[in-house]
Amino acid sequence: MAIDDRESVFGDASNGAIHIAVSDLGTDEVKIEVRDNGIGLDQDRYKAFCEIDTDYKEGRGGKGVGRLYWLDAFKRIEVISQYRTGTKLARRAFEFRLTHEDQVLEVDDAEHDFGPTETGTIVRFSGLRQGPYSEHFPKRAATIKVYLAAEFISNFLSKVGPVVHLTATTKGGTLQSATFPKDVSELVARGPEAVNKIKLSDGSNLDVTCFLCDKKASSGLVGRHQVHLLGNERTVESRNVDDLVAIGPLKSEENEDLALHVLVSGELLNSNVSESRTSFSLTEGEVSDIVKEAVKSARSGFISDQLDEFDQARRATFEEFLRQQPIFGYANKDEIFASLPANAKSPEDFVSKLALPRFRAEQKREEALSSLVEKVVSGDEVPEDFGEVVRRAAEGVQDNERVALGHHAARRRVVLDLMDQLIRRLRNSPDRDKNHVENTLHSLLVPMRVNAANPEEEESAAHDLWLLDERLAFASGFSSDKRLAAVLEDSDSDLRPDVLLWDVLYGLGPVGQQGGEEEVEDTEPLSTVFIVELKHPGRENYKPEERIEDQIRRYVSEIKDDKIESFGRRKVSVTKDCQFHCLVVADFHGKLKEEVSGWDYIHNRRGRERRLGGDHSNVVIQAVEWDYVLSSSRQANRALLDAAGLDRPRKTDFVKQSSTENDYLVDVAQTPKAAE
């Protein structure tokens with residue numbers, strides 16, 4: 001302002017300059033000298049300086065309190081100024097002190113180097129007072145440079161105002177120098193460009209000016225893209241708007257990795273700057289709305305070309321998300337996409353932003369149906385278009401159910417595709433890898449080393465046993481890869497069935513409610529037990545002692561006449577005539593093929609069945625090949641997909657993730673639910 005005044009009062013349009021020298025950074029005895037070649041501290045300005053509450057510069061945003069912050073921050077303040085009085089030059093020098101009396105103390109011998117015709121002012125600060133200024137004052141020379149650039153970024157980006165020369169030196173001798181606006185304006189790749197003004201409710205406007213800058217222009221600020229709110233041409237607040245801009249690095253011609261800087265100015269901001277000039281007296285909501293409108297204007301008028309490309313890619317990601325997660329297609333997909341914030345660009349973003357609207361849409365459908373039912377039951381007058389209203393409501397419910405079914409089927413498809421990949425990998429894997437891959441296949445069906453009836457392990461009891469038999473989809477009482485000694489009350493057997501199921505076998509004789517929420521009727525013995533044995537695909541080298549019948553007989557003999565731990569560690573007896581359903585999943589090769597060759601055909605000759613005799617006449621063994629399990633599960637899932645109105649299933653794309661060991665275990669599907 002002092003330099004602007006020199007031009008307006010003297011008609012002197014020569015270049016203005018400000019020199020700032022900071023030394024002894026990193027200590028409490030930091031020294032700062034600020035020197036300008038402005039109009040100087042003449043009588044009128046000196047009088048205003050000496051008044052606590054002055055409105056001398058109120059029309060230009062001056063609040064008259066800045067110098068009081070000096071007293072709060074620094075131990076010693078010295079001012080020397082040379083100014084014109086009539087046709088002559090005069091000089092004044094004084095100390096500005098935090099004392100009860102003589103706050104302005106004249107000094108006769110203050111050092112200066114003003115020329116004989118030069119006007120201007122020197123302000124020297126030295127020593128930080130204890131408190132927040134001493135604790136938080138920058139310790140690094142580079143930080144001083146960043147702070148200064150951010151404070152006057154509107155002037156520096158626009159290349160207006162005087163030249164500012166900065167030198168900052170730490171106690172250890174580290175030097176940082178800068179010349180503004182050159183060092184900032186050189187970072188501008190495009191701009192300034194004015195875009196649509198922000199229209200305010202009172203009919204006034206705020207100006208919006210945009211720049212694309214090298215990312216260094218955002219050094220010292222939070223994030224990349226910034227909106228700077230100006231008060232009287234000075235930055236009052238800078239806000240990071242990465243989430244509103246949504247795009248990461250921007251580009252301009254051959255320049256890439258750029259940041260967006262938006263300047264907002266106008267009378268509303270000028271008249272609402274706080275006394276400290278570090279915030280506005282507007283509400284947070286009002287300031288946030290201004291920032292959002294500024295970004296909106298910049299997006300539509302300044303970087304719209306880059307947004308088109310970004311939105312096309314974002315829309316493609318959204319379309320794929322809906323295909324993989326159809327449960328979120330609760331309305332017209334164009335409307336859903338339009339409702340998403342600009343920074344929603346990943347499946348995780350879509351889920352977090354759409355979960356609540358989806359819930360509300362379902363709730364609205366339910367409320368509409370409830371209202372219809374209430375009218376019918378209460379006998380209220382039924383509107384003429386009641387039939388149409390019912391039809392629309394019913395369609396909404398059907399759509400909702402179809403979407404939920406599609407989500408379920410889509411998730412199952414990924415599991416099936418992963419199972420297919422694992423089976424193929426096992427058949428082609430070297431022997432040294434087979435145990436690892438077999439464990440992975442087992443874990444896909446059901447977690448290993450789990451007793452689901454044990455309260456300490458029930459959180460790990462989720463499974464996909466529907467792949468083997470839909471009746472097992474909700475089985476909650478089972479053990480997987482556990483010694484029988486850990487499952488049975490009076491057993492010390494080391495036998496380890498792949499999967500043993502005894503509770504909630506829908507269609508096989510359940511004895512308790514899913515999850516054990518109700519008391520298991522432990523006075524009623526178990527009448528059905530299900531055993532699953534998994535043989536790794538492609539296996540041929542079966543030993544004579546590995547006959548399936550012998551293996552199953554050993555399991556059954558150990559389980560009979562014992563008690564199985566149920567939920568809450570209650571014991572449930574197993575009857576002597578308990579029915580044992582045993583499923584063996586394998587590829588029919590080698591000795592196994594010979595063993596089952598005499599069994600009865602089942603499943604259109606795609607499986608074999610054997611009922612044991614004598615003491616084991618209550619045991620039925622079914623053997624099926626892995627390909628049959630996979631194809632029958634896929635056929636059932638196609639029915640779900642058809643019912644949901646979805647396309648015929650396509651293969652899931654799996655991406656190989658880097659790993660130092662067991663690389664074949666870390667194929668993942670490119671879908672949000674693949675991890676399940």
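The model is predicted. Within α10, the buried positions are Val-287, Ser-288, Ile-290, Val-291, Ala-294, Val-295, Ser-297, Ala-298 and Arg-299. An α-helix has 3.6 residues a turn, so residues three or four places apart point the same way.

Aromatic pairs number 13 in the structure. In one of them, the ring centres of Tyr-46 and Phe-94 are separated by 5.6 Å and the ring planes meet at 55°, so the pair is classed as tilted. Tyr-46 belongs to helix α2 (residues 43-49) and Phe-94 to strand β4 (residues 88-96); the pair therefore ties together parts that are 48 residues apart in sequence. Buried means under 20% relative accessible area. Tyr-46, with a relative accessible area of 15%, is buried, and Phe-94 also counts as buried, at 1% relative accessibility. Both residues are members of one aromatic cluster, formed by Tyr-46, Phe-49, Trp-70, Phe-74, Phe-94, Phe-96 and Phe-125.

Aromatic rings also take part in contacts with arginine. The charged end of Arg-539 is placed over the ring of Tyr-542, at 4.3 Å from the ring centre. Arg-605 lies over the face of Tyr-601, and its distance from the centre of that ring is 4.2 Å.

Notes:
Residues are numbered from 1 along each chain as its sequence is written. This is a predicted model: local features need pLDDT of at least 70, side-chain atom pairs count only at pLDDT 80 or more; totals for chains, interfaces and linings use all residues. Side-chain values use heavy atoms; hydrogens and water are left out. Buried means under 20% relative accessible area, exposed over 50%, partly exposed in between (1.4 Å probe, protein chains only). Helices (H or I, at least four residues) and strands (E, at least two) are DSSP runs, numbered from the N terminus. Rings of Phe, Tyr and Trp (its six-membered ring) pair if their centres lie within 6.5 Å; planes under 30 degrees apart count as stacked, over 60 as edge-to-face and the rest as tilted. A charge sits over a ring if NZ of Lys or CZ of Arg is within 6 Å of the ring centre and within 35 degrees of the ring normal.
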